[in-house]
Amino acid sequence: MRHEWATGTSPTWNRRRRETDRVGVAQAERLLKSRWRTATMAAGWAFPADWPLAEVDEVCAAMLEDTDPSDALVRLGRARAEAGAGLSETLLDLAALHAVLTDASHVVSPDVDALPARMVRMTALGWADVVTGQAGDCAAEDPLTGLATTAYLRTRLGEVYRETPVVPLDYALVLLRLDTHRATGWSRVVAMTLASDALRTVFDGGETLATLGPCVAAVLVRKDETLARRVSNLRVLTADRLADDPNVRPTGPAKVWTERLPDTHTEACSLLTSLGR
C-alpha cells in the first residue's frame with residue numbers, strides 16, 4: 001500500500017513490506033487483523049463479538065496491497081453504523097488500525113487526533129450514509145423483514161411507559177438472535193426474513209415486532225400465562241423454517257429468550273441499543 005496514511009517511506013513501513021514478502025500475504029493479513037483487534041479491544045471496544053466483520057478483512061487486504069483502500073474504508077464505516085457502533089467508537093477503532101500500521105511495537109496507543117484526514121473522511125462518509133438513511137426512516141418498516149424499525153419500537157415503548165407506572169411488571173421483550181456470521185451474502189438476509197415470518201406467526205395478536213440489528217429481532221409483549229409457551233413455539237418454528245434451506249441452516253439454532261424491561265424509558269432505549277449489537 002502506498003498512501004499518505006501508511007507513511008510508505010518510513011523505516012517501519014519498509015520493514016513491514018519486507019515481512020509481508022517473507023511470510024506471505026495471507027499470513028500478513030491475519031497478523032494485521034490480530035494486532036488491530038488487540039489494539040481496539042485494549043482501547044475499550046465495548047462489544048468484542050461484533051468487531052470481526054467481512055469489511056475488516058477487506059481493509060486489511062487493501063492496506064497490505066498497492067491499492068487505494070478508500071472504498072474498503074467506506075464499506076467499513078457503513079458496516080460499523082449498521083452494527084450500531086457510534087462515530088466516536090468507529091474512529092477509535094480506525095485509530096487502532098492506524099497505530100498498528102505505523103508502529104511495530106507490541107503495545108500501541110490509538111490516537112484519533114493522529115488519524116490522516118482522508119482516512120477519517122472515507123470511513124465517516126460510509127458511517128454517515130447509513131445513519132442518515134436511518135434518520136429518514138425513523139418510524140417505518142424494515143423493507144426486507146417487514147418488521148418495525150428500532151426507532152418505532154422506542155416510540156412504542158415511550159407510549160407504554162406513559163400508559164402505566166408498572167411497565168416492568170406488565171410487559172417484557174421477547175428476543176430472537178441468529179448467528180449470521182456463519183452465513184454469507186444474501187443467505188443472511190434470507191435467514192432473518194424466515195425468522196421474521198416465524199415471529200409474525202407466533203405473535204399475531206397486535207404485538208409490536210421490530211428489528212434491532214442485522215441479526216436480532218424483538219417483540220414487545222404483555223406478560224400472561226401463555227408467554228412461556230409462545231416463546232417455546234417461536235424457538236421450534238424458527239428451527240423448522242431455517243432447516244428448510246441448507247444455505248441459511250448454519251445461522252441457527254436461533255437464540256430465543258425473554259428480557260425484563262427496566263424501570264424507565266431512557267434505560268429501555270439503552271437496553272435496545274445493547275441488545276442490537
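**Figure 1. The aromatic pair of tryptophan 36 and tryptophan 51**. A search of the whole predicted model finds 1 aromatic pair, a term that applies to rings of Phe, Tyr and Trp (its six-membered ring) whose centres lie within 6.5 Å, with planes under 30 degrees apart counted as stacked, over 60 as edge-to-face and the rest as tilted. Tryptophan 36 and tryptophan 51 form this pair in the edge-to-face arrangement, at 5.3 Å centre to centre and with 90° between the planes. Because tryptophan 36 lies in helix α2 (residues 25-42) and tryptophan 51 in the loop between α2 and α3 (54-63), the pair ties together parts that are 15 residues apart in sequence. Helices (H or I, at least four residues) and strands (E, at least two) are DSSP runs, numbered from the N terminus. Tryptophan 36 is buried, with a relative accessible area of 0%, and tryptophan 51 is buried at 0% relative accessibility. Here buried denotes under 20% relative accessible area, exposed over 50%, and partly exposed the range in between (1.4 Å probe, protein chains only). The model is a predicted one, in which local features need pLDDT of at least 70 and side-chain atom pairs count only at pLDDT 80 or more, whereas totals for chains, interfaces and linings use all residues. Residues are numbered from 1 along each chain as its sequence is written, and side-chain values use heavy atoms, with hydrogens and water left out.

**Figure 2. The salt bridge between aspartate 57 and lysine 33**. The structure holds 9 salt bridges, each defined as a side-chain nitrogen of Lys or Arg within 4 Å of a carboxyl oxygen of Asp or Glu. In one of them, the side chains of aspartate 57 and lysine 33 meet at 2.9 Å, N to O. This pair links distant parts of the chain, with aspartate 57 in helix α3 and lysine 33 in helix α2, 24 residues apart. Aspartate 57 is partly exposed, with a relative accessible area of 36%; lysine 33 is likewise partly exposed, at 25%.

**Figure 3. The salt bridge between glutamate 163 and arginine 222**. The closest N and O atoms of glutamate 163 and arginine 222 are 3.1 Å apart. Glutamate 163 belongs to helix α7 (residues 150-163) and arginine 222 to strand β3 (residues 216-222), so the pair ties together parts that are 59 residues apart in sequence. Glutamate 163 is partly exposed at 46% relative accessibility, and arginine 222 is partly exposed at 45%.

**Figure 4. Strand β3 and its pairing with β1 and β2**. Strands count as paired if DSSP finds at least two bridges between them. Strand β1 (residues 171-177) runs antiparallel to β3 and is joined to it by 7 bridges. Strand β2 (residues 208-213) pairs with β3, also in the antiparallel sense, over 5 bridges. Leucine 220 in β3 is the bridge partner of leucine 173, and leucine 220 is also the bridge partner of threonine 208. A hairpin is formed by β2 and β3, with 2 residues between them. Of the 7 residues of β3, 6 are buried, and the strand is mostly covered. In β2, 6 of the 6 residues are buried, so this strand is largely enclosed by the rest of the structure.

**Figure 5. The surroundings of arginine 230**. Arginine 230 is found in helix α10 (residues 227-243) and is buried, with a relative accessible area of 13%. Residues up to four places away in sequence aside, arginine 230 touches Val202, Phe203, Glu207, Arg222 and Asp224, where contact means heavy atoms within 4.5 Å.

**Figure 6. Charged side chains at lysine 255 and arginine 260**. Lysine 255 lies over the face of tryptophan 257, at 4.7 Å from the ring centre. A charge is taken to sit over a ring if NZ of Lys or CZ of Arg is within 6 Å of the ring centre and within 35 degrees of the ring normal. Arginine 260 forms a salt bridge with aspartate 263, their closest N and O atoms being 3.8 Å apart. Both arginine 260 and aspartate 263 are exposed.

**Figure 7. Cysteine 60 and cysteine 215**. The structure holds 0 disulfides, a disulfide being a pair of cysteine sulfur atoms within 2.5 Å. Cysteine 60 is buried at 1% relative accessibility, and cysteine 215 is buried at 12%.
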